[in-house]
Amino acid sequence: MKILIISDTHGLLWYLDEVLKKVGLIDMLIHCGDIQKDEDPIKEAVNCPVYMVAGNNDFGSLLEKELFLNIGNYHIMVTHGHRYSVGYGLDMLAASAKSKGADIVMFGHTHVPLIKKVDGITLINPGSITIPRQSGRRPSYAFMEIDREGEAHFTIAELVQK
């Protein structure tokens, strides 16, 4: 199973088509918030289930602030991250995920990609495909792939702009 994880598109879908062309077929798309009313265009761009949460810039959105998904052997928490002060550290997010029984947390908000384990919880931030903030400022996204044995593998990828 191949899951594309994106976040912080902020109503700017410039690179979504490029990302989708580059990654090929996906089985699921997860958006970690700050969509800014682009729910429908994102859903229309893919032919798979799409899960989204509201971010701090999704004013008036009816999206949930957090989602919990069971994928393979994993219980996954999806949130934007701003409610956990992720710009100042990840301990609060990891502790909340652990208290809610999550193995993995997917989040955004910082626009900086990250894969890290904190207190046994795998934290995944795909960065942003439209407003990247990491060194080099390349649009970024993440994958979660479940292999035949049911194990999850995570990758951060960047679009190389021409």
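**Entry 1. Terms and source**

Two strands are taken to pair if DSSP finds at least two bridges between them. Strands (E, at least two residues) and helices (H or I, at least four) are DSSP runs, numbered from the N terminus. I note that this is a predicted model, in which local features need pLDDT of at least 70 and side-chain atom pairs count only at pLDDT 80 or more, while totals for chains, interfaces and linings use all residues. Residues are numbered from 1 along each chain as its sequence is written, and side-chain values use heavy atoms, with hydrogens and water left out.

**Entry 2. The sheet around β8**

I looked up the strand order and found an open sheet of five strands, β4-β5-β6-β8-β7, with mixed pairing. β4 (66–71) and β7 stand at the edges with a single partner strand each, so one side of each has no neighbour in the sheet. From one strand to the next the twist averages 20°, where axes are lines fitted to C-alpha atoms (for helices over the stretch in contact) and angles run from 0 to 180 degrees between N-to-C directions.

I then followed the pairings. β5 (residues 74–79) and β6 run parallel, joined by three bridges, and I76 stands opposite I104 of β6. β6 (residues 104–106) is joined to β8 by three bridges, also in parallel; M106 has I124 of β8 as its bridge partner. β7 and β8 pair in the antiparallel sense over five bridges, with I115 opposite I124.

Five of the five residues of β8 are buried, so the strand is largely enclosed by the rest of the structure. I121, L123 and N125 cover one side, and T122 and I124 the other. In a regular strand, side chains alternate between the two faces of the sheet.

**Entry 3. Helix α1**

In α1 (residues 16–23) I list L16, V19, L20 and V23 as the buried residues. Viewed down the axis of α1, they fall within an arc of 95°, so they line one face of the helix; the arc is that of the directions from the helix axis to the C-beta atoms. Their cover includes β1 (2–6), α2 (39–45) and β9 (140–146), contact meaning heavy atoms within 4.5 Å.

**Entry 4. Positive phi**

H10, in the loop between β1 and α1, has phi near 50° although it is not glycine, and at 15% relative accessibility H10 counts as buried. D119 also has a positive phi near 50°, in the hairpin of β7 and β8 with two residues between the strands; D119 is exposed, at 54%.

**Entry 5. Salt bridges**

I count four salt bridges in the structure, each a side-chain nitrogen of Lys or Arg within 4 Å of a carboxyl oxygen of Asp or Glu. R83 and E66 meet at 3.7 Å, N to O. R83 lies in the loop between β5 and α3 (91–99) and E66 in β4, so the pair ties together parts 17 residues apart in sequence. E66 also bridges to K100, with the closest N and O atoms 3.1 Å apart. K100 lies in the loop between α3 and β6, so this pair ties together parts 34 residues apart.

E66 is buried at 14%, whereas R83 is partly exposed at 43% and K100 at 36%. K98 and D119 form a further salt bridge at 3.2 Å, N to O; K98 is in helix α3 and D119 in the loop between β7 and β8, 21 residues apart.

Technical notes. Buried < 20%, exposed > 50% of the residue type's maximum accessible area, 1.4 Å probe, protein only.
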